[in-house]
Structure formats: C-alpha cells, structure tokens
Amino acid sequence: MSFKSDIRQKVEYQCNKCGKLRILFIAPVLQSGKVETHGYIEYCDVHFCEKNELNAIKLFVDHNYDVRSQVAVETKSKSDEPAFTELAGLGIPIPEKTEFITQTIVPTRDFGGYNLKKIEIKDKLRQRTYVIMEDEGEGEKEIIVDSPLKFVEIKVQVSADLKIDIVKEWLVGLSNIVESLVYLDENLLSYLGTYLDYMLINIPREKELLELTLLLHSSVAIPHSTKQHIEIFEEHVNELFPDLNVVSYRLYKSILKACLENEQKTILNFYEELKKKMTQIQAFPYYISIISTLVSFGFINLEKLEFYTAVG
Ligand SMILES: [Zn+2]
C-alpha cells in the first residue's frame, strides 16, 4: 500500500455547493510540470451536486495537495457559454475568460482517414480546442453535438456514406466522457482519431463506450491481474472465448502476464511494449477492445485516477 501512495496522491475537499465530501486520487508525476508553472494544479470535478444535478467544480490544488480554492462552473441555458462563479477563494485569482487555445493533434501513423476526416473538440472547461486531422481533413458531412452539461462541443467531418444517427451516438458518448474526465491527456487524442475512424460505422454499445472510456484513461489506468486470474483464464478460455484464434490467444495471455502484479505501468505503457508483436493494421483499437473484454470479464482490475464521493 505504501508503494501505491507514492504514485498517487489523495486530495480531499468539501463541495461548497452541495456539502459533499469529495475524494480525488491524482498522479503527481503527470502534474509536476503544471505545478511548477502556476503554483497550483487545476482540476475539474464533475459530480451530482445540489438538487442532484450534475455540476462541475473547478479546483485549485497546491504543492501539498490541498484544495486552495473552488469555483463552480455554471451553465445558464442551452445557448449560453458556461460562466465561472467564485464560491470560495483564498486569494487565488479566478481564471480570466481567456481566448481559446487551439491545438492541432496529428493522428497515429495507422490512422487511415477512411470514415473520420477531422474532429474538433471544443473544451470549455479547459479553454482549449483540439483539432485532430491529417492534412486537409475535409469530409463530405459535418456533424456537431454538445455534451450533457454543454461544456464540450464536438464537431466532425466524416465520409458521406456514414449514418448520421450512429455518428451522433458516438459523439454524445465521447462528449460525456471528455466532460467528466478529471485529467485529459492530450497525447491520447492522437489515438482517439485512429480509434474513431475504425469504429464510427457501427452503433456504440456498452462495450464500445467502455473501450472509449479506457482509451481516454489509458495513460493513467493501471491494470492488475493475479496468478489465480491467469489460471482461471487458462482453464475456461475455450468456453468463454470460443472464437479466439491462436494469435489472439497469445496476445490475451501476454497482456494478462504483463499485468501480473503490475503496480506502475499503465494501459498505454503496455501497448507501447506489445505493439511490436501485433500484426493488425488497426493495432490500437484492437488492443483496447481486448483490454475492455478482459476488464469486463474481471480478468483485469483497474486502478485509475478518479473521483468518488466518500460515504458518511
Ligand atoms: Zn457539489
């Protein structure tokens, strides 16, 4: 346990709006750069707040992992931009409404641009617009959706033969995940383009939305397995995964073995190691779908950066 506390830090605060005690685990390694620059880390905690309505609270966390200030981010109406309201402060200036910074993300090398030509994620909480595209990035169809709290707007250019309803379902799912992310790792967005390009043709079911969540947490989620998990896998693999071919079987096993007593490596770290062994063209989507399967069958447990409401 002591080892784990070295890699994650507990941050506790009481929401001034609803009075709930909230607990956050953050990975300091990811954040040290930001603390250096600003003197504090900014986080956003989305939770069921007053009147059981979803609310976003922006937090300012100092070097000692104390919450120095909290600001509720309020949405007024559908068309309005979210407004920042100060609730409690200890002399830390509230962020000025600044210009949106636009960041262009180059997709991974195996991005084909078959279905997805361009995606723009406008994140009002982080004051950033992420544009994921390759070269021109102009598609035949443009689709725009808003996240449930309206903090995230996603605009895509896709090929003409895609079904609008299906693409919209994906984007609503994605916007929801992005909106509730505590930490957005911008490097993962290059993988997001590759994943979506491959997936947009089919309706996202629960499994795919879990994959998308795993993808956006893959640089912070730490997968574990145990000897017993691997034994059970070996024993029941034929009943559980009747269609598994030899190549996939080996990959499932390598992933499980890699996760054995793993304490530090993330889903993304393992991908970097395993991708040399993977022959699939869409290696990352395939890898994420295996992780998702192993997680939903309970062969892998995940520890991740997350908020939860403490009991009592
Ligand atoms: Zn609250």
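Predicted model: local features only at pLDDT ≥ 70, side-chain atom pairs only at ≥ 80, totals over all residues.
Leaving aside neighbours within four places in sequence, leucine 200 is in contact with Asn115, Leu116, Val158, Leu162, Ile166, Val167 and Trp170. Leucine 200 also belongs to the largest nonpolar core, which has 66 residues. Tyr195, Leu196, Leu200, Ile255 and Ile291 touch the most other members of that core. Helix α4 gives the most to this core, with 7 residues.

Helix α4 spans residues 189-199. Of its 11 residues, 10 are buried, so α4 is largely enclosed by the rest of the structure. The buried positions are Leu189, Tyr191, Leu192, Gly193, Thr194, Tyr195, Leu196, Asp197, Tyr198 and Met199. The list includes Asp197 and Thr194 as well as leucines and tyrosines. These buried residues pack against strands β7, β8 and β9 and against helices α3 (164-180), α5 and α9. The helix lies across β7, β8 and β9 (128-133). Its direction is at about 135° to β8.

Five strands form an open sheet with mixed pairing, in the order β7-β9-β8-β11-β10. Strands β7 (101-105) and β10 (141-146) stand at the edges. Each has a single partner strand, so one side of each is left without a neighbour in the sheet. From one strand to the next, the twist averages 15°. Strands of a sheet pair through backbone hydrogen bonds, either parallel or antiparallel.

Strand β8 (residues 116-123) is mostly covered, with 7 of its 8 residues buried. Its pairing with β11 (residues 152-158) is antiparallel and runs over 7 bridges. Within that pairing, lysine 122 has glutamate 153 of β11 as its bridge partner. The pairing of β8 with β9 is also antiparallel. It comprises 6 bridges. Here lysine 118 stands opposite methionine 133 in β9. Strands β8 and β9 form a hairpin with 4 residues between them. Glutamine 127, in the turn, has a positive phi of about 55°.

A second hairpin is made by β3 and β4, with 5 residues between the strands. Lysine 51 in its turn has a positive phi of about 55°. Strand β3 covers residues 41-48 and strand β4 covers residues 54-61. The two pair in the antiparallel sense over 8 bridges. Valine 46 has alanine 56 of β4 as its bridge partner.

Helix packing was examined next. Two packed helices are described by the angle between their axes and the distance between the axes. Helix α5 (residues 206-217) and helix α9 (residues 283-296) pack at an angle of about 110°, with axes 9 Å apart. Angles of 65 to 115 degrees count as roughly perpendicular, and α5 and α9 are therefore roughly perpendicular to each other. On the α5 side, the contact is made by Lys207, Leu210, Glu211, Leu214 and Leu215. On the α9 side, Ile288, Ser289, Ile291, Ser292, Val295 and Ser296 take part. By class, this contact has 6 nonpolar, 3 polar and 2 charged residues. Ile291 of this contact is also one of the core residues listed among those touching the most other members. Both α5 and α9 are packed against by buried residues of α4.

Phenylalanine 270 lies in helix α8 (residues 267-274). Phenylalanine 270 has 20 C-beta neighbours inside 10 Å and therefore counts as buried. Not counting residues up to four places away in sequence, phenylalanine 270 touches Ile255, Ala258 and Lys265. Of these, Ile255 is named among the core residues that touch the most other members. Phenylalanine 270 and serine 254 are 16 residues apart in sequence. Their C-alpha atoms lie 9.9 Å apart in space.

Overall, the protein has 9 helices and 14 strands. Buried residues make up 32% of its 312 residues. Among contacts between residues at least 6 apart in sequence, 64% join residues at least 24 apart.

Note on methods
Residues numbered from 1 in each chain as written. Axes fitted to C-alpha atoms, helices over the stretch in contact; angles between N-to-C directions. Parallel < 35°, antiparallel > 145°, perpendicular 65-115°, else oblique. Contact = placed C-beta atoms within 7 Å. Nonpolar A, V, L, I, M, F, W, Y, C, P; charged D, E, K, R; others polar. Pairing = 2+ DSSP bridges. Buried ≥ 20, exposed ≤ 12 C-beta atoms within 10 Å, placed from the backbone. Core = buried A, V, L, I, M, F, W, Y, C linked by C-beta atoms within 7 Å.
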